[in-house]
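Q: Hi! Could you walk me through this structure in plain words?

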Amino acid sequence: MAGIYVHIPFCKQACNYCNFHFSVSKKQIPEMVHAIAREAVMQTQFLKQPMIDTLYFGGGTPSLLNIQQLVQLITTIQQQYTLAADAEITLEVNPDDCTPLALQQWRHAGINRLSMGVQSFRDANLLWMNRSHHATAALQAIVQAHAAGFDNISIDLIYGIPQLTNEAWHQNIHKALSLPIQHLSCYALTVEPKTALHHSIQKKSKDNIDIDAQAKQFELLMQWLPEADFEQYEVSNFAKPGYQSRHNNSYWKGIPYIGLGPSAHSYNGTWRQWNIANNSLYIQNIQNGNIPAEKEILTPAQKRNEQIMIALRTKEGIQFSKLDDNWTNRHQKQLIHAAQKWITQGLMEWLPQKEQLHLTPKGMLYADGIAADLFEVNASLH
């Protein structure tokens with residue numbers, strides 16, 4: 001079944017590392033909500049299958065919407081699409097937006113999963129990243145969300161922050177595991193071009209990240225979380241049994257989805273399209289009856305590359321029994337041959353009985369680089 005992603009491009013303030021599309025001005029929120037609702041109506045023919053299994057509100061900070069605006073979007077989607085009876089409906093939230101009233105309203109609106117942008121339980125780290133909340137607010141938000149009846153709570157944490165020692169990282173993880181959460185998304189701090197963090201590092205007003213220290217913290221993470229019954233089912237994602245993100249899993253399995261809102265991407269198995277990353281132009285185009293999107297029809301080689309990229313990030317890796325018609329026996333044999341150098345280095349493993357090629361825990365450190373190498377081999381084949 002397909003999924004829907006809704007991008008809410010507004011934040012209270014800009015985290016210094018973020019390169020997502022957003023605005024800190026909230027004056028366009030009412031117009032944006034109406035435009036996204038209208039796009040939901042306009043996109044109904046994009047998917048071949050009518051059943052929607054997951055609905056994900058991301059951003060930006062979707063928890064900035066008032067309850068009437070959130071309900072308007074959910075209601076419109078329910079009217080235009082068929083949501084599964086047990087659909088996973090996720091709302092990304094900032095800890096300081098999680099008041100008892102808001103939590104109650106979200107539950108009543110049908111939200112059954114929260115993804116909370118905690119990033120750290122240490123105020124020094126939060127200040128360094130220019131986050132809008134304090135550690136105490138994060139702790140309180142998680143406890144209150146659980147008390148409000150949310151039993152599917154995910155939090156984000158960031159590692160590899162300068163001055164974050166291994167001991168401090170362990171304290172962050174220990175604190176997370178002491179709380180009523182079911183899912184952890186842990187990301188390495190990256191320095192993206194044109195962000196405030198990139199500018200600060202160039203001016204030497206902030207320290208650059210230490211790649212080796214970051215890799216060590218990722219290795220420690222892969223050791224600690226399985227010991228606490230959190231399975232690493234994707235490079236950056238860990239879950240208790242039964243609590244994997246169904247929405248994110250659909251991306252990694254190549255399942256079609258619609259993206260609504262500025263900068264949102266959509267994929268229907270044949271082509272990709274992505275909306276313009278400009279709030280005013282997006283609203284203006286939607287009001288005029290146009291979806292401001294570019295489209296790309298994927299070639300067989302591009303489809304194979306996408307399968308390589310997304311499958312390698314998962315625990316299962318590339319399962320040859322599940323490959324589509326774009327993969328001939330020649331393509332499969334060439335992929336196994338190209339992976340031999342990574343297998344020799346202990347970064348990949350080939351299980352012939354299961355016809356499965358996956359990264360080892362050590363290989364997870366180099367997932368993007370290994371995928372890029374396999375892309376080049378695949379691109380040479382027709």
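A: Happy to. Let's begin with a term: buried means under 20% relative accessible area, exposed means over 50%, and partly exposed lies in between (1.4 Å probe, protein chains only). This is a predicted model, where local features need pLDDT of at least 70, side-chain atom pairs count only at pLDDT 80 or more, and totals for chains, interfaces and linings use all residues. Residues are numbered from 1 along each chain as its sequence is written, and side-chain values use heavy atoms, with hydrogens and water left out.

Q: Okay, is N326 buried or exposed?
A: N326 counts as buried because its relative accessible area is 17%.

Q: And where is N326?
A: N326 sits in the loop between β13 (318–319) and α12 (329–344). Those labels refer to DSSP runs numbered from the N terminus: helices are H or I with at least four residues, and strands are E with at least two.

Q: What does N326 touch there?
A: Leaving out neighbours within four places in sequence, N326 is in contact with P300, K303, R304 and H331. Contact here means heavy atoms within 4.5 Å.

Q: Let's zoom out. How many helices and strands are in the protein chain?
A: The protein chain has 13 helices and 15 strands.

Q: Why does its radius of gyration agree with a compact globule?
A: A compact globule of 382 residues would have a radius of gyration near 21 Å, and the protein chain has 21 Å, so the two agree. That radius is taken over C-alpha atoms, and the globule rule is 2.2 Å times the number of residues to the power 0.38. Along its principal axes, the C-alpha trace spans about 55 × 50 × 45 Å.

Q: How much of the protein chain is buried?
A: Buried residues make up 51% of the 382 residues.

Q: What about contacts between residues that are at least 24 apart?
A: Take the contacts between residues at least 6 apart in sequence: 69% of these join residues at least 24 apart.

Q: Which residues touch the most other members of the largest nonpolar core?
A: They are V6, F57, W106, I111, I155 and L157, in a core of 106 residues. Helix α1 (residues 29–42) gives the most to this core, with seven residues. A nonpolar core is a set of buried Ala, Val, Leu, Ile, Met, Phe, Trp, Tyr and Cys residues joined through side-chain atoms within 4.5 Å.

Q: What does V6 touch?
A: Not counting residues up to four places away in sequence, its partners include I36, F57 and L260.

Q: New topic: where is T76, and why does T76 count as buried?
A: T76 lies in helix α2 (residues 67–80). T76 counts as buried because its relative accessibility is 12%. Beyond residues up to four places away in sequence, T76 touches A37, A40 and V41.

Q: Which phi does Q163 have?
A: Phi of Q163 is near 75°, a positive value in a residue other than glycine. Q163 is in the loop between β5 (153–159) and α6 (166–177), and counts as exposed because its relative accessible area is 59%.

Q: And K194, buried or exposed?
A: K194 is exposed, with a relative accessible area of 84%. Its phi is near 70°, a positive value too, and K194 is in the loop between β6 (183–188) and α7 (196–202).
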